[in-house]
Amino acid sequence: MYLVQFLVLSSILFCIGVYGVLARRNAVLVLMSIELILNSVNINLVAFGAFNGGAIPAEVFALFIIAVAAAEVGVGLALVLTIYRNSKSIDLHQIDLLKG
Amino acid sequence: MIAAFAGTMPVVGAVVAQNVFFYLIAAVMVIAALRVVSTSNIVHAALYLVVVLAGVAAQFILLGAEFVGVTQVLVYIGAVIVLFLFGIMLTRAKVGSEDGLTHNNVAPAVLTAVLLLVVMAYAVVDYAKAPWGDGALEIDAVDRAPTTVELVSDSIFSTYIVAFEAISVLLLAALIGAIVVARKE
């Protein structure tokens with residue numbers, strides 16, 4: 001296995017996630033695409049660690065990223081629920097209160 | 001894990017098996033990720049996300065990071081997906097397919113993603129080909145044993161103890177914040 005295999009795989013996943021964030025109108029689906037992006041970054045970290053001998057710091061960083069991603073999903077879904085309760089919709093086209 | 005078989009199996013066989021499994025898992029991951037961003041059923045999108053996350057865990061195990069792989073399964077597939085399904089149900093998604101999940105004009109999004117992919121893939125491959133780069137580094141399972149939980153936990157509770165405490169406080173703050181934001185007045 002070569003390092004470049006993992007880097008290309010994670011760039012493909014990252015770009016699919018970016019497409020999802022830009023193209024989706026449903027707030028929950030946008031959060032799912034953000035999870036794709038965070039996971040591709042984790043593959044990168046663990047691959048660099050494994051291929052450079054000292055894998056431990058990379059794995060610790062990956063664990064911290066997993067913890068932060070879990071916190072992000074919790075807060076993000078709480079925000080989505082509040083938006084749904086206030087406007088009865090999570091369509092991102094209708095969330096335009098800050099638009100002048 | 002694969003290294004355990006290395007004694008009984010010719011080295012070439014182990015290396016080939018590693019590459020076969022890498023490409024197999026990678027293909028499944030990419031197809032499932034494309035379905036996540038293109039399906040018209042929100043529940044199906046969450047279930048395809050499970051496939052992608054399980055594929056990431058499999059790649060971690062292939063790289064010898066067993067503890068991270070297990071944590072990925074526990075935290076993502078166990079907790080985050082359940083949270084997503086709760087979010088889908090509490091926002092009353094329709095059962096079955098639904099219109100209006102994607103913008104009418106996706107051309108700018110496709111353009112951005114493809115341009116980003118071209119730039120990143122070119123940079124990565126160029127880095128791998130450069131004589132000073134280490135993108136062409138090669139490992140196979142017979143070279144090294146997987147990192148043990150003991151090593152990871154020693155590192156977390158000695159070198160990275162401050163970061164660990166900070167992340168504990170962050171999780172507590174996120175928990176309280178989520179409750180406060182989602183609570184009914």
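Two residues are taken to be in contact if their C-beta atoms, placed from the backbone, lie within 7 Å. The model is predicted, and the predictor assigns the complex an ipTM of 0.92 and a pTM of 0.88.

**Exercise 1. The interface**

Determine how many residues of chain A are in contact with chain B, and which elements of chain A give two or more residues to that side.

Solution. Step 3: α3(A) supplies the largest share, 22 residues. Step 4: sorted by class, the side of chain A that touches chain B holds 44 nonpolar, 9 polar and 5 charged residues.

**Exercise 2. A helix pair across the interface**

Classify the packing of α3(A) against α6(B) as roughly parallel or roughly antiparallel.

Solution. Step 1: two packed helices are described by the angle between their axes and the distance between the axes. Step 2: for α3(A) and α6 (residues 161-182) of chain B, the angle is about 10° and the axes are 8 Å apart. Step 3: angles under 35 degrees count as roughly parallel, and α3(A) is therefore roughly parallel to α6(B). Step 4: the residues making this contact include A:Phe64, A:Val68, A:Val75 and A:Leu79 of α3(A), and B:Ile167, B:Leu171, B:Ala174 and B:Val181 of α6(B). Step 5: by class, the contact of α3(A) with α6(B) comprises 17 nonpolar, 3 polar and no charged residues.

**Exercise 3. A helix pair within chain B**

Describe the fold of chain B by its elements, then classify the packing of α2(B) against α3(B).

Solution. Step 1: chain B contains 6 helices and 0 strands, in the order α-α-α-α-α-α from the N terminus. Step 2: the axes of α2 (residues 42-62) and α3 (residues 66-90) of chain B come within 8 Å and cross at roughly 170°. Step 3: angles over 145 degrees count as roughly antiparallel, so α2(B) is roughly antiparallel to α3(B). Step 4: among the residues in this contact are B:Leu49, B:Leu53 and B:Phe60 of α2(B), and B:Val73, B:Ile77 and B:Phe84 of α3(B). Step 5: the class count for the contact of α2(B) with α3(B) is 19 nonpolar, 2 polar and 1 charged.

**Exercise 4. Span and burial**

Solution. Step 2: a residue is buried if 20 or more other C-beta atoms lie within 10 Å of its own. Step 4: after α2(B) comes B:Gly64, with a positive phi near 85°.

**Exercise 5. One residue**

Is B:Ser38 buried, exposed or partly exposed?

Solution. Step 1: B:Ser38 belongs to α1 (residues 11-38) of chain B. Step 2: 17 other C-beta atoms lie within 10 Å of B:Ser38, which is therefore partly exposed.

Technical notes: Residues are numbered from 1 along each chain as its sequence is written. Chains are lettered from A and ligands numbered from 1 in the order in which they are written. This is a predicted model: local features need pLDDT of at least 70, side-chain atom pairs count only at pLDDT 80 or more; totals for chains, interfaces and linings use all residues. Helices (H or I, at least four residues) and strands (E, at least two) are DSSP runs, numbered from the N terminus. Ala, Val, Leu, Ile, Met, Phe, Trp, Tyr, Cys and Pro count as nonpolar, Asp, Glu, Lys and Arg as charged, and the others, Gly among them, as polar. Axes are lines fitted to C-alpha atoms, for helices over the stretch in contact, and angles run from 0 to 180 degrees between N-to-C directions. Angles under 35 degrees count as roughly parallel, over 145 as roughly antiparallel, 65 to 115 as roughly perpendicular and the rest as oblique. A residue is buried if 20 or more other C-beta atoms lie within 10 Å of its own, exposed if 12 or fewer, and partly exposed in between; C-beta atoms are placed from the backbone.
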